[in-house]
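User: I am new to this structure and would like to be walked through it. Could we begin with the overall picture?

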Amino acid sequence: MISIPKGMKDILPSDSGKWQYIENKFRTIAAKYGFSELRTPMVEHTELFARGIGDTTDVVQKEMYSFVISDRSLTLKPEGTAGVVRSFIENKLYAAGLPAKYFYITPCYRYEKMQKGRQREFHQFGIEIFGSDNMLADAEVILLAYDFLTSVGIDDVKLKINSIGCRNCRSTYRKALQDFLRPVYDQLCDTCKSRFEKNPMRILDCKDPDCKKLVQGAPVMLDYLDDDCRNAFERLKELLDIYGIPYEVDPGIVRGLDYYTKTAFEFVSDKLGSQSTVCGGGRYDHLVEELGGPATPGVGFGLGIERLLLILEASGIELPGSNAPDVLVCGLGASAQKAALKLAADLRGSGMSVITDVMERSLKAQMKYADRLGARFVVVIGEDELSKGSAVLRNMADSSQEDVKLEDLKEKLSKLLSEIR
RNA sequence: GUGGGCGUCGUCAAGCGGUUAAGACCCUGGGUUGUGGCUCCAGUAUACGUGAGUUCGAAUCUCACCGCCCACCCCA
């Protein structure tokens with residue numbers, strides 16, 4: 001047997017309804033806020049991610065699905081934003097006027113070790129707003145995510161926000177933090193030693209008890225923001241209050257992708273094991289420019305669909321979206337079968353979901369079949385009914401049944417079905 | 001890259017040195033009623049991850065490999 005590659009997951013028929021529901025919900029909400037879908041290819045030039053995400057990040061250094069074909073190095077997208085930015089620039093979408101608002105739904109690929117809430121192929125949807133450096137844009141991005149999560153019934157995720165400043169404040173802060181830690185460098189744990197140069201802000205978040213002690217009293221990013229960035233952060237908090245979105249300031253939020261500036265945020269859940277982030281995003285004021293476009297600020301989020309489903313499941317939230325047919329039509333005997341098949345086609349024509357048996361099994365077996373599929377009604381046509389020009393209509397929910405004239409059946413059924421829905 | 005746990009019918013799950021390797025669910029057929037869900041009867045399976053080793057004897061013990069899961073790291 002050839003099995004699925006590690007880290008990949010089939011989305012089985014028993015689950016695909018949930019996926020469709022989630023995707024539709026997101027499309028609907030995104031449209032409500034004026035976002036349009038932008039679809040970009042699965043594969044981009046490796047360089048796009050190296051420059052966009054940052055070539056010192058873990059994602060780029062060791063997690064990309066890259067391959068060389070015909071002397072070009074290509075990579076399966078590890079996240080959604082870079083491709084959208086590339087397309088925005090390449091198609092000169094900025095010329096159509098700003099702000100520009102897009103959403104996407106896409107698989108992503110990262111070569112990592114599997115664990116709860118983490119796969120090598122995973123699915124993400126997200127939004128981006130280009131052209132606004134105003135916190136109204138950041139707040140709208142967060143609002144949309146919040147609106148979405150609430151609308152699918154999730155009410156216990158926490159929003160954590162932070163500002164990691166612009167380039168200027170960040171480099172002064174970085175220095176200050178390194179200066180603070182340098183005297184105790186030798187006492188840091190091994191991972192933190194390697195973080196010291198690469199990503200010193202992560203040291204603040206280390207779980208090692210020794211490191212925790214050592215970072216006591218360390219400088220805090222928020223104290224190093226320049227006036228502009230501090231005002232922006234205050235403004236963002238104000239706007240979140242206006243929208244009535246609860247949040248908590250967490251100076252430990254440091255997005256792992258290099259392109260972020262100022263606003264960084266995460267929606268976290270305690271139902272995800274150690275991968276607690278279900279949605280993450282922030283502002284990236286230089287990404288468009290760095291990738292060769294006109295200086296254009298941007299802000300957006302990405303939300304992990306698998307993680308969302310994990311939360312929903314752990315919360316006992318049932319999603320609508322069953323594939324149960326409306327009716328099973330059963331014909332007993334050759335001429336009744338003929339009538340049944342015609343009837344089924346007719347009913348489908350009027351929009352109902354109709355099953356007929358394709359194994360010519362007994363009535364009893366077909367009833368079981370209907371039950372297993374969750375069919376709401378069964379129509380039985382036997383020789384008796386056929387000669388009377390009628391059929392038996394059975395309601396599976398309450399086991400009631402009645403004779404109905406064939407010509408009245410369609411109308412009767414659609415009436416009953418509309419009552420149920 | 002580093003740790004820890006686990007691999008028995010399609011699924012769940014007993015068995016822990018000698019068993020015809022339980023049981024339940026699912027599935028199929030049938031009884032009560034041309035008719036499901038409840039009930040009763042019957043039926044179907046090449047199930048001990050792979051390979052070595054220990055032993056008179058291994059699903060049970062040892063080792064290796066493979067696979068799955070979880071955690072570190074990182075992130076959606």
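**Overall picture**

Analyst: Chain A has 15 helices and 16 strands, where helices (H or I, at least four residues) and strands (E, at least two) are DSSP runs numbered from the N terminus. This is a predicted model, in which local features need pLDDT of at least 70, side-chain atom pairs count only at pLDDT 80 or more, and totals for chains, interfaces and linings use all residues. Residues are numbered from 1 along each chain as its sequence is written, while chains are lettered from A and ligands numbered from 1 in the order in which they are written.

User: Is chain A spread out or compact, then?

Analyst: Chain A is more spread out than a compact globule, because its radius of gyration is 28 Å, well over the 22 Å that the globule rule gives for 421 residues. The radius is taken over C-alpha atoms, and the rule is 2.2 Å times the number of residues to the power 0.38. Along the principal axes, the C-alpha atoms of chain A fill a box of roughly 95 × 50 × 50 Å.

User: Which order do the strands take in the eight-strand sheet?

Analyst: This open sheet runs 1-5-6-11-10-9-7-8, with mixed pairing; two strands pair if DSSP finds at least two bridges between them. Strand 1 (36–37) and strand 8 (248–249) are at the edges with a single partner strand each, so one side of each has no neighbour in the sheet.

User: How many bridges join strand 10 and strand 11?

Analyst: Five bridges join strand 10 (residues 277–283) to strand 11 (residues 298–304), in the antiparallel sense. Gly280 stands opposite Gly302 in strand 11.

User: What about the three-strand sheet?

Analyst: That one is open too, in the order 2-4-3, and its pairing is antiparallel. Its edge strands are strand 2 (43–45) and strand 3 (66–69), each pairing on one side only. Strand 2 pairs with strand 4 (residues 72–76) over three bridges, and Glu44 stands opposite Thr75 in strand 4.

User: Changing topic, at what angle do helix 1 and helix 5 cross?

Analyst: The axes of helix 1 (residues 13–32) and helix 5 (residues 135–151) cross at roughly 140° and come within 10 Å. Helix 1 is therefore oblique to helix 5: angles under 35 degrees count as roughly parallel, over 145 as roughly antiparallel, 65 to 115 as roughly perpendicular and the rest as oblique. Axes are lines fitted to C-alpha atoms, for helices over the stretch in contact, and angles run from 0 to 180 degrees between N-to-C directions.

User: Which residues make the contact?

Analyst: Helix 1 contributes Lys25, Phe26 and Ile29, and helix 5 contributes Leu144, Asp147, Phe148 and Ser151. Contact requires C-beta atoms, placed from the backbone, to lie within 7 Å.

Note on methods: Two residues are in contact if their C-beta atoms, placed from the backbone, lie within 7 Å.
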